[in-house]
Amino acid sequence: MIFDTHAHYDDEAFDADRDVLLESMESNGIGTIVNVCASIDGLEKTIALMEKYPFVYGAIGVHPDDADQMTQETLDKIRTLLQHEKAVAVGEIGLDYYWHKEKEEHLIQQNMFRAQMEIAREEKLPFMIHSREAAEDTLNIVREYMKGGMYGGIIHCFSYSKEIAREYLNMGLSLGIGGVVTFQNARKLREVVEYAPMEQIVLETDSPYLAPVPFRGKRNSSRNLPYVVNRIAELKGITPEEVIEITEKNARKLLNL
Ligand SMILES: [Zn+2]
């Protein structure tokens, strides 16, 4: 069944129908979902979803958008919550220079990114990275940590060139592919998908964001993943069933499930 490695069901976009929607996943072919914590607020909400739904796992971490609000206490809390038996990764962590242009903000983001990479290493867990308009700095930090030994990771919503993809793939990391692959202007990402070995691709939605065509711009959910699966199948010249099977296997292996 389909494995969604990256969704945000704690988001307020799901407040009106969260339970009905999540209860409909299994009958729509969605077998497993990782709810990825993005904000400091989302930490407890992610744990609540993991405890309520047997098929929901959690990634615990804080997004670069909230880096400036993080303290030592936040890092301690992440470490504590990662002890939960259904916590499978540290994320989403990384750098976002698209929404944050100031040099000072970049330094804060880098510090919190490093601090959370340290936690992933200590806890022997894979990481999930968000990187936007910060290709070089992200790559340098990931490279540095990979040299010291890490436990795998996913570059979520990969948005860079094939050349940068090659660097991550050579380090043994995986690329999270979602709705963007169906967008008409996503030529660069389709090249990356054609190039990447099938064993290093995992499915993701980033729900409620990035709904695939024909729902682009609307609220996304894991139930839309068949559109992404079909596009990957076309690009790789394999069947949709094979895409689902291989990406599920990849996700289980990476997240130790
Ligand atoms: Zn996300």
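**Around helix H6**

Trainee: What covers the buried residues of H6?
Mentor: The cover includes strand E6 (153-155), strand E7 (174-177) and helix H7 (187-195). Helices (H or I, at least four residues) and strands (E, at least two) are DSSP runs, numbered from the N terminus. This is a predicted model, where local features need pLDDT of at least 70, side-chain atom pairs count only at pLDDT 80 or more, and totals for chains, interfaces and linings use all residues. Residues are numbered from 1 along each chain as its sequence is written.

Trainee: Which residues of H6 are buried?
Mentor: In H6 (residues 162-170), Ala165, Tyr168 and Leu169 are buried (20 or more other C-beta atoms within 10 Å of the residue's own; exposed is 12 or fewer, partly exposed in between, with C-beta atoms placed from the backbone).

Trainee: Why do they line one face?
Mentor: Looking down the axis of H6, the buried residues fall within an arc of 100°, so they line one face of the helix. Glu163 and Asn170 are exposed, on the face turned away from that buried side.

Trainee: And what follows H6?
Mentor: Gly172 follows H6, and its phi is positive, near 85°.

Trainee: New topic: how do the axes of H4 and H5 cross?
Mentor: The axes of H4 (residues 103-123) and H5 (residues 135-147) cross at roughly 30° and come within 11 Å. That makes H4 roughly parallel to H5 (an angle under 35 degrees).

Trainee: Which residues make the contact?
Mentor: H4 supplies Gln110, Phe113, Arg114, Met117 and Arg121, while H5 brings Asp137, Ile141 and Tyr145. Contact here is C-beta atoms, placed from the backbone, within 7 Å.

Technical notes:
Axes fitted to C-alpha atoms, helices over the stretch in contact; angles between N-to-C directions. Parallel < 35°, antiparallel > 145°, perpendicular 65-115°, else oblique. Contact = placed C-beta atoms within 7 Å. Arc of directions from axis to C-beta.
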